[in-house]
Amino acid sequence: MAFAFGFPLVQVVRDSFYAGNFASPIWVGLDNYKGVLSDPAFRQSLFDNMKLLLTVPIMLGIGLAIALVLNDRIRGGRHYQSVVFLPYVLPATAIGIAFSFLLQENGVLNTSLRHAHLGGLAQDWLGNSHLAIVSVGGLVIWQQLGFAVVVFTAALLSLPPETAEAARIDGAGWWQLQLRVLVPQIRPIIELLAVIQVITVISWVFNYVYVLTAGGPGFSSSVMELYIWRSFSNGSDGTAASVAVMLLGMASVLIGLSLWVRKQKIVQ
Amino acid sequence: MALKHVLVVLGLAVVLSAAVFVAGAASKTAKSGDDPNNATLTYWYWAESDAPGANNWLKGQVALYEKAHPKVKVNVVLQSTDTLTSAFTTAAQTKSGPDIATQWATLPTLTPAWAGATVPISDYVPKSEWKNWISTAENMWEGKLWAMPQYLIGIPFVWNKQLFKKAGLNPNKGPKTWAEFLADCKKLKAAGITPFGMGNHGYGGAWFFSLIGKQNLNSINELKDAMIGKQDFANPKFSGFYQALADLKKNGYLNSDVASISFGQGFQLFGQKKAAMSWGTDGNVAQWESQVGAKNMGVEAIPIWGHGKLASSYDVTQSSDAFITKWSKHPQAAAQFLTFLHSPEALKAWYKATGVFPADKRFPSSLVKDPIAKQLLKLDQSPVSVWPENFVPPQVDQNADLAGGEMITAGSGSPSDVVKLWKTQLSQWKSQHPDEYNSYKKWATGS
């Protein structure tokens, strides 16, 4: 355990204080950290990760709404659930490539919009520096939504039916039943999933970004993982290590939060 | 009992140490006994993007070589454009991977050499052989040759004669100067035709730098000086071309999806007759010829934009090359195989498979029959040729050259923003790679 996890961890922290290549590292102290923090490309990457955090409430909101509807035992509910879950089991790389063709200026989406006389809505989804990260966010929501639906549906199914039944007998309407009875009961699950999704968009979005926009145009859709990869691929191991340490710190805080939420759930 | 336990552990330790020693000795013996006719080689190969047909050619050559050398096995691992540099950088850091690797010429090839990850090919191939190879100057350092060129890639300018005619332009006269180019763009646009086609999700801007940006320089040494801070990249002499690119975008002379399509997709526009003008490799031209028809396309050198001595130089490079890694246990075998790829039959087969000229003086030009190909060969043999991107440190190339070009075509940055980016990246390269910077400086100044 110590070798598998401890050694790489110590090595990454150590590398973050060196410049040059692995063969002949040069001690530079905190210079890598200073260099990274003063690099506009890093700041943009960090900012983009923060922007992607906005996908979490959107995804959870839509996921919860779908799960609540499916929980009503609607006709073909299982079929809908499978359809929603399908993107989650597809490889992110394949999805990214498919979406890159879909979202180009003259891609399938814009062509369809123009044919439908909705050309005003057509945008350069990947080539516009303001929209590129929005496109990445849309893709993340599209793929992760299925996971949220499955988790929420499972949580709702595990609830004792007596509570809902009692609420109905007491005259609760559909909205009241959902918002005042069911949702509060699965609150710990919602919180847990929120933390998991926050960790995902902080440190698991490399595939989407790399395949869809490669961080461009320029650095407009870069994220911290991509910044690490770029640095490492350029042989700037110290820079890559320093960002990895920062990312590890952020992820650790979130993992700590996740554990705390789980603990709260167990207590309840 | 305890003593017995200790003895067993000690015994095991001795056996393990002996095993490690024997394995190490065996490994050393294998390297010292590098038999060119008995080896398993791993070759990380890339060329298909430059020269469609290259992968099949190599497959055929490997089969022929293995037949002639039954104890040699060559495992070809195809590389992708996006990860060509990063994959080898990782291999170099772990000192494991291929025996032979592919890289783009000059800095992408020399930086691993400076880091001690490769060996000079001239140590293994006699000069009587490599003096026939063309463009070796791109990979010379400390008097040694570090990689083998396989082919030459010229970058000609092309125009579609039918679309020119449709726009009321003389179909037999391509633009020679930037002013003529802009005038043609204006007429083509007015006729509803996309004047110039390119994709800049990647390398489009970097090509603009190499083809247009160099034109205000008198020699490539000026660019080297700008890389090490002896000259200021903000000087319009180096960065003025970004305004020309921004103007093309602003005036609508580029395809509307330039910022969202890939570099490769950009090449397809000319072949699909969706753009009246473009530029591409000799291999691209061969492909376009089959799509557009030889009589419907014109080929010439890039229009002249700048006023430096390099403005009239042609853009030709070996593009990618092959080198032997430091950790290879079979450098002799690798060198012998690479030399085989320059045999007369292999060169002829290369040209037949790709339509791209081999980088070898022994290639008989009489084999070139096609009129456009003859024109390209003449251009490739221009007395002054240079590909400036090869002289930009790989880190700066990726983070400033490519990224800066994307910013311009996406409209997310002005030329002055891009100049700032270059300066930031040059400064970061200096601080993050002090060793590489010093090697570059020595190489650039010849000290």
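Four bridges join β9(B) to strand β11 (residues 297-300) of chain B, and the two strands run antiparallel. The model is a predicted one, in which local features need pLDDT of at least 70 and side-chain atom pairs count only at pLDDT 80 or more, whereas totals for chains, interfaces and linings use all residues. Residues are numbered from 1 along each chain as its sequence is written, and chains are lettered from A and ligands numbered from 1 in the order in which they are written. Helices (H or I, at least four residues) and strands (E, at least two) are DSSP runs, numbered from the N terminus.

Two strands are taken to pair if DSSP finds at least two bridges between them. The three strands form an open antiparallel sheet in the order β10-β9-β11 (chain B). Its edge strands are β10 and β11 of chain B, each of which pairs on one side only. From one strand to the next, the twist averages 20°.

In a regular strand the side chains alternate between the two faces of the sheet. In strand β9 (residues 157-160) of chain B, F157(B) and W159(B) point one way, V158(B) and N160(B) point the other way, and all are buried. A residue is called buried if 20 or more other C-beta atoms lie within 10 Å of its own, exposed if 12 or fewer do, and partly exposed in between, with C-beta atoms placed from the backbone.

Helix α8 (residues 204-211) of chain B is mostly covered, as eight of its eight residues are buried. Among these buried residues of α8(B) are W207(B), F208(B), F209(B) and L211(B), together with G204(B) and G205(B). The cover over the buried residues of α8(B) includes α11 (241-250), α12 (263-271), β10 and α17 (394-410) of chain B.

Two further positions of chain B were examined. G355(B) lies in the loop between α15 (344-354) and α16 (371-380) of chain B. G355(B) is buried, with 22 other C-beta atoms within 10 Å. Apart from neighbours within four places in sequence, G355(B) is in contact with G283(B), A286(B) and A373(B), where contact requires that the C-beta atoms of two residues, placed from the backbone, lie within 7 Å. The C-alpha atoms of G355(B) and G53(B) are separated by 8.6 Å, although the two residues are 302 residues apart along the chain. D417(B), in helix α18 (residues 415-432) of chain B, is partly exposed, with 15 other C-beta atoms within 10 Å. D417(B) and M407(B) are 10 residues apart in sequence and 8.8 Å apart in space, C-alpha to C-alpha.

The secondary structure of chain A comes to 14 helices and two strands. Along the principal axes, the C-alpha atoms of chain A fill a box of roughly 75 × 55 × 25 Å. Of the 268 residues of chain A, 38% count as buried. Of the contacts in chain A with a separation of 6 or more, 72% are between residues 24 or more positions apart.

Two packed helices are described by the angle between their axes and the distance between the axes. In chain A, α3(A) and helix α8 (residues 132-157) pack at an angle of about 45°, with their axes 10 Å apart. Axes are lines fitted to C-alpha atoms, for helices over the stretch in contact, and angles run from 0 to 180 degrees between N-to-C directions. α3(A) and α8(A) are therefore oblique to each other, given that angles under 35 degrees count as roughly parallel, over 145 as roughly antiparallel, 65 to 115 as roughly perpendicular and the rest as oblique. At this packing, D48(A), K51(A) and L52(A) in α3(A) meet I133(A), G137(A) and V140(A) in α8(A). The residues of this contact divide into three nonpolar, one polar and two charged. Here Ala, Val, Leu, Ile, Met, Phe, Trp, Tyr, Cys and Pro count as nonpolar, Asp, Glu, Lys and Arg as charged, and the others, Gly among them, as polar.

Between the chains, 32 residues of chain A are in contact with 29 residues of chain B. On the side of chain A that touches chain B, the elements giving two or more residues are α2 (31-37), α3 (40-52), α13 (224-233) and α14 (237-267) of chain A. The residues on this side of chain A comprise nine nonpolar, 18 polar and five charged.
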